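Hello,

Here is the structure I promised to pass on to you.

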Amino acid sequence: MARPVLLLTGIAEGLGAGIARVFARAGHNVIGLSRSDRASEHIKPLVEQSGGRYTHLACDITRASDVAAALEPHADKIGILIHNAHVLATKPFIETAIDEFEQAWRVACLGAMISARAILPHMAARGSGAIIFTGATAGLRGGGNFSAFAAAKFALRGLAQSLAREFGPQGIHVAHVVLDGLIDEGQTDRRFGTSQAVRMEPQAIAQAYLDLARQDVSAWTHEMDLRPFSERF
């Protein structure tokens, strides 16, 4: 029997690598999509060591024609989409350029729409599939200096709710995961320094994603909120 296929957008070190490894160990092949080939050197060995096959697609997720062309050979085989691509824009509102604001939305929300649109017809034809959108607390409440990121994540959450209502009856599980906390990965260190705060373990998040993708159709979760034990609600 052919291994199921996961498409992971915005694949990179940390959370992306954790998701790829956990799903490969669970029997999936992985397709990673990002703007460059850099992630492939790190992710490919992790997937192969875990028993899966890795395919890397380098393209701009905000360009529909590029994504369609990249996914065309694979779209009918993809059973799970995890949209993890985002731009963490953190600036005072007055200092946020219009193109920075727009790019945050284009990657997080438009990119989700473009990638989902490429594979949903195939999922609908099969009557099964799962789409998981990586959200953030900023998609529930906006914070100071997070105007671009919050606007993009609010939009993503709305898209997830709409797709769940439209495609759930067709057998497609659409879920939105709110990540409330710092993820234990290199880019967190680069952005925020080596904070002493308890961090979210990428593979623990990935396991929650796998559990979501495996839920029985009679008891689907649409929105899941994940946070380290020390984080306040």
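This is a predicted model: local features need pLDDT of at least 70, side-chain atom pairs count only at pLDDT 80 or more; totals for chains, interfaces and linings use all residues.

The protein has seven helices and seven strands. Starting at the N terminus, their order is β-α-β-α-β-α-β-α-β-α-β-α-α-β. The radius of gyration is 17 Å, close to the 17 Å that the globule rule gives for 233 residues, so the protein is as compact as a globular protein of that length. Along the principal axes, the C-alpha atoms fill a box of roughly 50 × 35 × 35 Å.

On the inside, 48% of the 233 residues are buried. If you take the contacts between residues at least 6 apart in sequence, 72% of them join residues at least 24 apart.

You will find Thr62 in the loop that links strand S3 (54–58) to helix H3 (64–71). Is Thr62 buried or exposed? Its relative accessibility is 7%, and the cut-off for buried is under 20%, so Thr62 counts as buried. The side chain of Thr62 makes a polar contact of 2.7 Å with the side chain of Asp60. Apart from neighbours within four places in sequence, Thr62 is in contact with Arg106, Val107, Leu110 and Ile114.

Ala138 also sits in a loop, this one between strand S5 (129–136) and helix H5 (147–167). With a relative accessibility of 10%, Ala138 counts as buried. Which residues does Ala138 touch, not counting those up to four places away in sequence? They are Phe149, Ala150, Lys153 and Phe154, and these positions fall within the range given for helix H5 (147–167). Ala138 and Leu8 are 130 residues apart along the chain, and their C-alpha atoms are separated by 22 Å.

Ala204, finally, belongs to helix H7 (residues 202–213). Its relative accessibility is 48%, so Ala204 counts as partly exposed. From Ala204 to Ala39 there are 165 residues in sequence, and the C-alpha to C-alpha distance is 20 Å.

I hope you enjoy looking through it.

Best wishes

Terms used: Residues are numbered from 1 along each chain as its sequence is written. Side-chain values use heavy atoms; hydrogens and water are left out. Helices (H or I, at least four residues) and strands (E, at least two) are DSSP runs, numbered from the N terminus. The radius of gyration is taken over C-alpha atoms; the globule rule is 2.2 Å times the number of residues to the power 0.38. Buried means under 20% relative accessible area, exposed over 50%, partly exposed in between (1.4 Å probe, protein chains only). Contact means heavy atoms within 4.5 Å. A polar contact is a pair of N or O atoms within 3.5 Å; within protein, one must be able to donate a hydrogen and the other to accept it, and residues adjacent in sequence count only if both atoms are side-chain atoms.
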